[in-house]
Amino acid sequence: MREAAEGIDFLSAQGIYHRDIKPQNLLLFYGRVKLADLGLMKLTALTTASHTGSGTLGYCPPEAYDDRWLHPTIDLYGLAATYVKLRTDQEPFSTNHLEIAERQKAGNPIPEGLQAEEAELVRRALAFRPEERPQEKATPWIEPLYRALIPLAAQGPMIKTAAEERPGCGR
């Protein structure tokens, strides 16, 4: 997540919004995360112009689906939604299109599987109104998530292997 955030911050510093941050667009190469599929990227200087192909439902903020300007938090929003998916293996808002839209409008992601501190950080980053989202870069948003996970890491691996999930299998 940190490497994805660094990539987002790098693009932002160049005046570019990725506009489609989601798990499928974070690729692992030689142990490093790379942002992929820059087909929807947009130069921030052009954000008042009409844009099409706004991104992936549930990972792109609601304001990106109409002809309004893009807010600088667009990629942080996608990163937060991606965090939910990668951390919980659940879609951040639902799998039902109508429920996704309703939950996005309410700023109400599905927090099951997240610790309370994580869930609050994610809720803030997935707020409906862009001005209610954290306004700092993506990398500083990641830091409190790591701190929230430290107690969990001390308890052991968060992901079980197939053999651990099925006792007697592979032993």
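# Salt bridges, aromatic pairs and a surface patch

Reader: What does arginine 129 form with glutamate 132?

Author: Arginine 129 and glutamate 132 form a salt bridge, with their closest N and O atoms 3.2 Å apart. This is a predicted model, so that distance is a computed one, and a salt bridge here needs a side-chain nitrogen of Lys or Arg within 4 Å of a carboxyl oxygen of Asp or Glu.

Reader: Are those two buried or exposed, or partly exposed?

Author: Arginine 129 is partly exposed, at 42% relative accessibility. Glutamate 132 is partly exposed as well, with a relative accessible area of 47%.

Reader: Why would such side chains pair at all?

Author: Opposite charges on side chains can pair when the charged atoms come close.

Reader: How many salt bridges does the count come to?

Author: The count is ten salt bridges. Another one joins the side chains of aspartate 20 and lysine 22, at 3.6 Å from N to O.

Reader: And is that aspartate 20 buried or exposed?

Author: Aspartate 20 has a relative accessible area of 7%, so it is buried. Lysine 22 is buried too, at 16%, because the cut-off for buried is under 20%.

Reader: Which residues are linked in a network of salt bridges?

Author: Lys85, Asp89 and Glu91 are linked in that way. Within it, the side chains of lysine 85 and aspartate 89 meet at 3.8 Å, N to O.

Reader: Let me step back. How many helices and strands are there?

Author: The chain has six helices and four strands. Starting at the N terminus, the order of elements is α-β-β-β-β-α-α-α-α-α.

Reader: How many residues does the chain have, and what share is buried?

Author: There are 171 residues, and 42% of them count as buried. The accessible surface comes to about 9,600 Å², with 55% of that belonging to carbon and sulfur atoms.

Reader: Switching to rings. How many aromatic pairs are there?

Author: A search of the whole structure gives two aromatic pairs. In one, tyrosine 77 and phenylalanine 93 are stacked, with 6.3 Å between centres and 10° between the planes.

Reader: Where do those two sit?

Author: Tyrosine 77 is in helix 2, residues 74-88, while phenylalanine 93 is in the loop between helix 2 and helix 3 (97-106). They are 16 residues apart, and the pair links distant parts of the chain. Both tyrosine 77 and phenylalanine 93 are buried.

Reader: And what is the geometry of tyrosine 83 and tryptophan 141?

Author: Tyrosine 83 and tryptophan 141 are edge-to-face, 6.4 Å centre to centre, with 85° between the planes. Tyrosine 83 is in helix 2 and tryptophan 141 in helix 5 (residues 138-154), 58 residues apart. Tyrosine 83 and tryptophan 141 are both buried.

Reader: What does alanine 148 touch?

Author: Leaving out residues up to four places away in sequence, alanine 148 touches Glu117 and Glu118. Alanine 148 lies in helix 5.

Reader: Is alanine 148 buried or exposed?

Author: Alanine 148 is buried, at a relative accessible area of 9%. Its C-alpha atom is 10.0 Å from that of alanine 119, which is 29 residues away along the chain.

Reader: Why does tyrosine 30 count as exposed?

Author: Its relative accessibility is 84%, and exposed means over 50%.

Reader: Last topic. What is the mean pLDDT of the chain?

Author: The mean pLDDT is 84, and 80% of the residues reach 70 or more.

Reader: Where does pLDDT stay under 50?

Author: It stays under 50 over residues 43-51, and the model has 20 contacts beyond four places in sequence for them.

Note on methods: Residues are numbered from 1 along each chain as its sequence is written. Side-chain values use heavy atoms; hydrogens and water are left out. Buried means under 20% relative accessible area, exposed over 50%, partly exposed in between (1.4 Å probe, protein chains only). pLDDT is the predictor's confidence in each residue, from 0 to 100. Contact means heavy atoms within 4.5 Å. Accessible areas come from the Shrake-Rupley method with a 1.4 Å probe; for residues, only the protein chains shown count as cover. Rings of Phe, Tyr and Trp (its six-membered ring) pair if their centres lie within 6.5 Å; planes under 30 degrees apart count as stacked, over 60 as edge-to-face and the rest as tilted.
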